[in-house]
Amino acid sequence: MKYFFRIVAAVVLLAASVAALARPNYQNFKVSIYTRAYEVQRMADQHWLDSTWNVISSQMKVDKIYLETHRDQLIVDRPTMEKAIRFFKQKGLEVAGGITYTISEANSFETYCYSDPVERAKAREIAEYTASLFDEVILDDFFFHDCKCEYCIAAKGDRNWTEYRLELMQDAAQNVVLGPAHAVNPKCKVVIKYPNWYDHFPALGFDLDYGPKHFDGIYTGTETRDAVSSDQHLQPAHLESQIQTGTSDDIVGLVLQVRIFFGEVYYTSVADFSLGKELQIGRQLLGENGRGPRQQKGRRQNLDYRGLHTHHFTQIYKFVAESLKE
């Protein structure tokens with residue numbers, strides 16, 4: 001009988017420990033850390049891992065950590081990933097995986113091209129690899145399509161870029177990420193993280209009808225950006241006055257953000273405008289398929305607005321300013 005009570009006591013203690021582990025450190029919220037592949041790679045160094053964690057944990061109580069396997073074609077090796085997973089589980093944290101599907105974040109947010117068979121295959125390998133390590137994986141908000149290579153132009157056909165990218169990313173979601181990940185690990189929950197782009201989602205393939213129905217979870221609404229000089233499509237509170245009083249130096253930051261107060265004039269990229277005049281200007285400056293003046297045929301041919309000269313932006317700027325007066 002006494003052995004029975006010992007077993008029961010052990011089970012009770014174990015259950016209590018699990019409950020304590022699952023309980024958030026703070027009453028009204030949980031603290032999660034997202035760690036890029038660059039930092040995860042450094043976790044191979046035990047001294048760096050210990051010292052960095054000591055600094056973080058001395059200042060806040062962390063409940064969960066996301067460990068990224070890939071970013072900018074850097075794939076963290078399995079021994080380092082397994083070491084980091086063990087380390088944080090021993091610290092009592094929930095541990096999940098993360099993927100950022102960028103070729104080069106520094107190159108105007110160059111993402112994987114899901115029209116390119118080679119890059120599709122690599123993206124699939126990354127999904128399978130990450131699912132083999134984690135029961136939960138989050139896609140950082142780069143699971144979009146910003147390429148206009150020859151594969152894309154040929155596959156797009158007569159559709160506009162938004163129509164093509166929405167269909168392409170539905171296919172990529174199912175056949176590059178979700179299907180392969182679940183095949184490797186049926187328990188793996190794949191979560192898609194949406195950026196703060198508002199109504200600009202479809203232009204690069206984010207489908208808010210398809211995504212929530214097919215991914216295992218969604219994550220959004222936790223980011224802030226500088227709304228004046230930002231790489232994201234946020235809505236400045238006083239954009240009208242900024243346009244009217246802005247200088248040519250403001251245009252680069254301005255053009256990619258314009259979701260203005262005058263109705264349907266908005267930009268999904270420098271090349272894709274919604275009204276006839278803007279479309280005409282965009283095609284004149286960038287070409288029918290969105291190629292900038294300094295861009296050559298090849299891998300990445302849109303969103304590189306830095307390839308435009310200031311006078312190109314000035315033309316767009318003048319049109320926007322005139323539109324405000326109409």
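Predicted model: local features only at pLDDT ≥ 70, side-chain atom pairs only at ≥ 80, totals over all residues.
Figure 1. P195 is eleven residues from F206 along the chain. The C-alpha atoms of F206 and P195 are separated by 9.6 Å.

**Figure 2. The whole chain, for orientation among the close-up views.** The chain contains twelve helices and nine strands. Of its 326 residues, 46% count as buried. Contacts between residues at least 6 apart in sequence were also sorted by separation: 74% of them join residues at least 24 apart.

**Figure 3. Helix α5 and its N-terminal start.** Helix α5 covers residues 117–131. At the start of the helix, D116 places a side-chain oxygen within 2.9 Å of the backbone nitrogen of V118. The buried residues in α5 are E119, A123, I126, A127, Y129, T130 and A131.

**Figure 4. Packing of α5 against α7.** Two packed helices are described by the angle between their axes and the distance between the axes. For α5 (residues 117–131) and α7 (residues 161–184), the axes come within 8 Å and cross at roughly 35°. The crossing in which α5 passes α7 is right-handed. On the α5 side, the contact is formed by R120, A123, R124, A127, E128 and A131. These meet L168, D171, N175, V176, V177, P180, A181 and V184 of α7. Sorted by class, the contact of α5 with α7 holds nine nonpolar, one polar and four charged residues. Two of the α5 contact residues, A123 and A127, are also listed among the buried residues of that helix.

Figure 5. Y129 lies in helix α5. With a relative accessibility of 16%, Y129 counts as buried, since the class takes in values under 20%. Leaving aside neighbours within four places in sequence, Y129 is in contact with T69, I75, V76, D77, R78 and M81. The side chain of Y129 comes to 2.6 Å from the backbone oxygen of V76, and to 3.0 Å from the backbone nitrogen of R78. H70 is 59 residues from Y129 along the chain. The C-alpha atoms of Y129 and H70 are separated by 9.9 Å.

**Figure 6. The loop between β2 and β3.** D72 is found in the loop between β2 (64–71) and β3 (74–75), and Q73 has its place in that loop too. Most residues other than glycine have a negative phi. D72, which is not a glycine, has a positive phi near 55°. Q73, also not a glycine, has a positive phi of about 70°. As to accessibility, D72 is buried because its relative accessible area is 19%, against a limit of under 20%. Q73 is exposed because its relative accessible area is 54%, and the exposed class begins over 50%.

**Figure 7. Packing of α3 against α4.** Helix α3 (residues 46–57) packs on helix α4 (residues 78–90) at an angle of about 35°, and the two axes are 12 Å apart. The crossing of α3 and α4 is right-handed. From α3, the contact is made by Q46, L49, D50 and W53. From α4, the contributing residues are K83, F87 and F88. By class, the contact of α3 with α4 has four nonpolar, one polar and two charged residues.

Figure 8. T111 lies in strand β6, which covers residues 110–111. T111 counts as buried because its relative accessibility is 0%. The side chain of T111 makes a polar contact with the side chain of D146, at 2.9 Å.

Notes. Residues numbered from 1 in each chain as written. Heavy atoms only, no water. Axes fitted to C-alpha atoms, helices over the stretch in contact; angles between N-to-C directions. Helix = DSSP H or I, 4+ residues; strand = E, 2+ residues; numbered from the N terminus. Left-handed = near helix turned anticlockwise from the far one by under 90°. Contact = heavy atoms within 4.5 Å. Nonpolar A, V, L, I, M, F, W, Y, C, P; charged D, E, K, R; others polar. Buried < 20%, exposed > 50% of the residue type's maximum accessible area, 1.4 Å probe, protein only. Polar contact = N/O pair within 3.5 Å; in protein donor to acceptor, adjacent residues only side chain to side chain.
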